[in-house]
Amino acid sequence: MRQRKKSFGKTLSGIYDLLIYGFLYLPIAIVVLYSFNTSKRNIVFEGFTFQWYFKLFQNDALLQAYGNTLIVGLSSTVIATVIGTLASYGMSKYKFRGKNVIDSLLYIPVVIPEIVLGISLLAIFNIAQIPMGLISLIIAHATFCIPFVVFTVNARFAGFDRSVEEAAMDLGAGRIKTFFTVTLPIVMPGVIAGAFLSFTLSIDDIIISFFTTGPGSNTFPLKVMELTKTGVTPDVYALSTIVLAVTIGIVILSQRDKKPKSK
Amino acid sequence: MKKNHKFRNKTIPLLTTVSPITIWLILLVAAPLIYVFYLSFQSTDGYSVVYKLTLSNYKELFNPTYLEIYSNSFVLAVLTTVFSVLFGYPFAYHMARASGKKKALMMMLLMIPFWTNSMIRLNGWKTILGKTGLLNTVLEKLHLINAPLEILYTRGAVLLGMVYILFPYMVLPLFASIDKLDFGLLEASNDLGANKVKTFLHVTMPLTFPGIFSGTILVFIPSLGYFFVSDIMGGGKSQLIGNLIENQFKAANNWPLGAAFSMLLIILIIIIVSIYKKCGGDIKDLGVM
């Protein structure tokens, strides 16, 4: 009796989890489905076609927006990862005055609403006369990505045994050589996780990009936002479907690489 | 001499590692926010900012039209948070109690939607909920309704969109704190005669409170500012504090007033974070997203 009750509870929680995933994936399923729709308007599914996957490559504005998203995502990730990793190294190794201030400043981009960060960057770019475009987007994105890199790398440094660095230096390696051959490889998982998180946050960002972009440098989310007013065309859905397929592919491949190691 | 050597030894690496972030944070986090604070006391000639100290923006904040928007926005943020906790908690709990492989799979499945842009996913909801959308079509075909339901462009739709977008931000901190829970304590409570409800209320919930609180912060704060959700799902009918700020910095071109609205949000966040800290919350938990 007890056993039955337990398995009943398990089934129930299984159904619950499936419903949650259903909620999370339903709109994505619709996007994939409607990318094969013959109708141009995403309202009724009329018939099956591949045409949007070809038409997509004639939509220069859309492709350019996606290109911008990738440029901004990669550049801001590189900047945030370098600055964040260096900072985490210095802040976990040394005690210095003003460390608390840096620590508190780091949490500001995390807790203030994106819209406030967005408008404050817009205002400062305006008085500093930084032209609005890809450069301002990259600076803005790096700003909200840096803290996340610091946090993930900090987590790696928390369990880091400093004596291996000293050992390397005692054996005659210079400070820079020690950093690249000893320290960096050990904290690398944290660096990769931070970079990955930065890139994810950057390519999905809407609000900060909305305020810090300029004419002619639309990102993909902003392009979709603009199209939403008139109606999103299926070629946008086709592009999203391709991106989804690529990311799922990468996830599966990275999981495969992990398996032999754990065994 | 030796002291000098030691000094140089520490100073150069310290400067090379810490100064880039220091400069970056001062120029691009501290300075912009201070400038917005300053801006909130300026006025406008309808075209650009006029630098003349005034409190008129702060007086304007109490305009009854805005008061209504704050309260709508606040109610929506509270509801978004409540629904996210209610639906997210059992889910995070199942995830934390799943075996290693299943846990990793559940986590992965939670994260994949992140990589499809939220703008695209909200458009997916639009297709589902629209007047001639999927849901109405299905319900009509089943003869459950005679006329299409008005779902899209209502407050309910905005709430749904908000919960949808912010759900993972609630689940992740919840999962982190439930995962740390010593499940032996729950068994002990059971053995001592407490039923499931009692165990949950007196053991599980208090121990996972840090997760509930950090999830609340990560959901509540953004839901005040995500103007694009109310634009898409609410059709611009229901305005949030985020829409007010957006409007002042774009269409209305009254930056000082927009800055004053932003200060209002900042004050609210300072209050929430102080409560969080007073309740024993560690600000560091918010960074482990």
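Two residues are in contact, or touch, if their C-beta atoms, placed from the backbone, lie within 7 Å. With that in hand, here are the views. This is a predicted model, in which local features need pLDDT of at least 70 and side-chain atom pairs count only at pLDDT 80 or more, while totals for chains, interfaces and linings use all residues. Residues are numbered from 1 along each chain as its sequence is written, and chains are lettered from A and ligands numbered from 1 in the order in which they are written.

**View 1. B:Lys126 and its surroundings.** B:Lys126 sits in helix H5 of chain B; helices (H or I, at least four residues) and strands (E, at least two) are DSSP runs, numbered from the N terminus. Leaving out residues up to four places away in sequence, B:Lys126 touches B:Leu152 and B:Ile232. Why does B:Lys126 count as buried? Because it has 24 C-beta neighbours inside 10 Å; a residue is buried if 20 or more other C-beta atoms lie within 10 Å of its own, exposed if 12 or fewer, and partly exposed in between, with C-beta atoms placed from the backbone. Look also for B:Gly161, 35 residues apart from B:Lys126 along the chain, with 9.6 Å between their C-alpha atoms.

**View 2. Where chain B meets chain A.** Here 67 residues of chain B are in contact with 65 residues of chain A. Several helices of chain B give two or more residues to this side, including H4 (100–111), H5 (118–129) and H13 (255–278). The most comes from H1(B), with 19 residues. By type, the chain B side holds 47 nonpolar, 17 polar and three charged residues. In this count, Ala, Val, Leu, Ile, Met, Phe, Trp, Tyr, Cys and Pro are nonpolar, Asp, Glu, Lys and Arg are charged, and the others, Gly among them, are polar.

**View 3. The two domains of chain A.** Chain A is assigned domain 1 (2–51) and domain 2 (61–262), with bounds that come from an automatic or database domain assignment. Taken over C-alpha atoms, the domain centres are 31 Å apart. Nine residues of domain 1 are in contact with nine residues of domain 2. On the domain 1 side, those residues are four nonpolar, three polar and two charged.

**View 4. The helices of chain A.** The secondary structure of chain A comes to 11 helices and zero strands. Of its 263 residues, 40% count as buried. Among contacts in chain A between residues at least 6 apart in sequence, 79% join residues at least 24 apart.
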